[in-house]
Amino acid sequence: MKQLSCSKQEIKQITIPTPFAVGDVHTYLILTDKVTLVDAGVKTIEAFDIFKSQLKQYGLKLMDIDQVLVTHHHPDHVGLLDYLPDNIPVYGHKRAHPWMTQDMHYFSSHDSFYRELFTEMGVEERFYPVLNTVDKPLRFSCKRGLTAFVKEGDRLEGLENWRIIETPGHASSHLVLFDEKSGTLLGGDLILAHISPNPLIEPPFVGETERRKSMIDYVASIEKMRALPITTVRPGHGEEVGNVGKLLTERIEQQEKRARKVQTFVNGKAVTAFEICQHLFPKVYEKQLLLTLSETLGQIDYLLEKERIEVDASTVPYRYKSKEGL
Ligand SMILES: [Zn+2]
C-alpha cells in the first residue's frame, strides 16, 4: 500500500461504533505516498478491535499510518489515539490540545465557568447536579496531545492537494480538509446529512477570558464552505453528502427559522435563557440539558450579534427581550 505513486490517491473509510447518541463515527485514510488517518474514533476496546480489523482489510497495519489529522477534539474523534503507536505524529488545531491532553489546569476553571453560566441563564437549581456530568464523556477521549499545530491554509506532507480550513462552531478546534483537485471535503462534524451539529458551549481557551460564540462561528464556517467548489462531503457521521450547496442553504435557513422562533418568543417579554430553552425544546430539555442550553445560548448570541434582541444583564439571571422598534 505504501508504494502508491504520488499522483494517485485513494480514500478509505473506517466506521467505528461509539457509546454516544450520535452512533457510529467515520474515520478516513487518505492513501498517497503517505498514509494519513483523519480522525481516530472513540477509546473503547470494541472500537480498537474494529479499527484494526478494518485496517487489515485494506492491507494495512497500525505501524503503516504515517500521520494523523484530527478535525476536532471531541472524544469520538480522538479517543483511539491512545491506542496508536506513540511515534505517529498527530496534527490538529491548537485549541484541541488542552482537551486532548486533559490538561488539569485548563479543566480546573470549567466548573466555575459552567456554574456562573447556569446562574446567568436562570437554570433551575434542581438541574445543577448536571454540572457534575459535564466531563463524563472524557473517559472515552485520549490523553495524548498534538505533535504540532496546524492552521488555516496549511498542507500536510503527502497531501499537497489538500488544504486545511478552520471551521469553528461545533467545536472551537474544528477544521476540515479540502481536496482542491477533486472537490472532496473531509468535513468532520461541520456538514452532516441528517442533523445540524450542535454549537457546543466551551469555556474560554487558555489565556482568554471570554467564551467563543459557537453559533456565530458555526454560521460563518457554513458561509465559508458555500464559497468553495465542494463536490462531496465525507462526514464524521452518517451518509456522504452529494448536493452540498443545497444542504448548506438548508442549514442557514434552519438556523434563521429557529432564531426567528426565539425572537418571536421574547417579543414583549423579558425572559431568561432557561425559559427560552424550555420553549424551544419542551420535550427534551430535561434529558439533554447541556445540548439544549448550548443551542439556546447559540440563538441568543446570534440574535444579540445581529442586534435583533437586547439583554438586561444588570441582575442575574439575565433577561432578554426584542429590541425596541423591531
Ligand atoms: Zn462527532
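Colleague: Where is the place of Pro317?

Modeller: Pro317 is placed in the loop between strand 11 (309-312) and strand 12 (319-322). As for the terms, helices are DSSP runs of H or I with at least four residues, strands are runs of E with at least two, and both are numbered from the N terminus. Before we go on, this is a predicted model, so local features need pLDDT of at least 70 and side-chain atom pairs count only at pLDDT 80 or more, while totals for chains, interfaces and linings use all residues. Residues are numbered from 1 along each chain as its sequence is written, and side-chain values use heavy atoms, with hydrogens and water left out.

Colleague: Which peptide bond at Pro317 is cis, and what is omega there?

Modeller: Look at the bond from Val316 to Pro317, which is cis with omega near -5 degrees.

Colleague: Staying with backbone angles, what is phi of Asp39 near?

Modeller: Phi of Asp39 is near 70 degrees, a positive value in a residue other than glycine. You'll find Asp39 in the loop between strand 3 (35-38) and helix 1.

Colleague: Is Asp39 buried or exposed?

Modeller: The general idea first: with a 1.4 Å probe and protein chains only, buried means under 20% relative accessible area, exposed means over 50%, and partly exposed is in between. Asp39 comes out at 3%, so it is buried. Gln102 has a positive phi too, near 50 degrees, and is not a glycine either. Gln102 sits in the loop between helix 3 (97-100) and helix 4 (104-107), and with 15% relative accessibility it counts as buried.

Colleague: On to the metal. Which residues coordinate the zinc ion?

Modeller: A donor is an N, O or S atom within 2.8 Å of the metal (3.2 Å for Na, K and Ca), and water is not among the atoms, so sites may look incomplete. Here the zinc ion is coordinated by Asp76 (OD), His77 (NE2), Asp189 (OD) and His237 (NE2), at 2.1 to 2.5 Å. Along the sequence, the spacing of these donor residues reads D-H-x111-D-x47-H.

Colleague: What is the geometry of the zinc site?

Modeller: As a reference, ideal angles at a metal are 109.5 degrees for four tetrahedral donors, and 90 or 180 degrees for six octahedral ones. Four donors count as tetrahedral if all angles lie between 85 and 135 degrees; four are square planar and six octahedral if opposite donors are over 155 degrees apart and all others between 65 and 115; anything else is irregular. The angles among the four donor atoms of the zinc ion run from 85 to 161 degrees, and the site is irregular.

Colleague: Which residues is Val25 in contact with?

Modeller: Contact means heavy atoms within 4.5 Å. Leaving aside neighbours within four places in sequence, Val25 is in contact with residues including Asp76, His77 and His237. Val25 belongs to strand 2 (residues 25-31) and is buried at 0% relative accessibility.

Colleague: What about Leu62, which residues does it touch?

Modeller: With residues up to four places away in sequence not counted, Leu62 touches Phe48, Phe51, Lys52, Leu55, Tyr83, Leu84, Pro85 and Ile88. Leu62 and Ile88 are 26 residues apart in sequence, and their C-alpha atoms are 9.4 Å apart in space. Leu62 is in the loop between helix 1 (45-57) and strand 4 (67-69), and its 18% relative accessibility counts as buried.

Colleague: Last one: at what angle do helix 8 and helix 9 pack?

Modeller: Axes are lines fitted to C-alpha atoms, for helices over the stretch in contact, with angles from 0 to 180 degrees between N-to-C directions. Helix 8 (residues 273-280) and helix 9 (residues 289-305) pack at about 110 degrees, their axes 9 Å apart. Angles under 35 degrees count as roughly parallel, over 145 as roughly antiparallel, 65 to 115 as roughly perpendicular and the rest as oblique. Helix 8 and helix 9 are therefore roughly perpendicular to each other. Among the residues that meet are Phe274 and Leu280 in helix 8, and Leu289 and Ile300 in helix 9.
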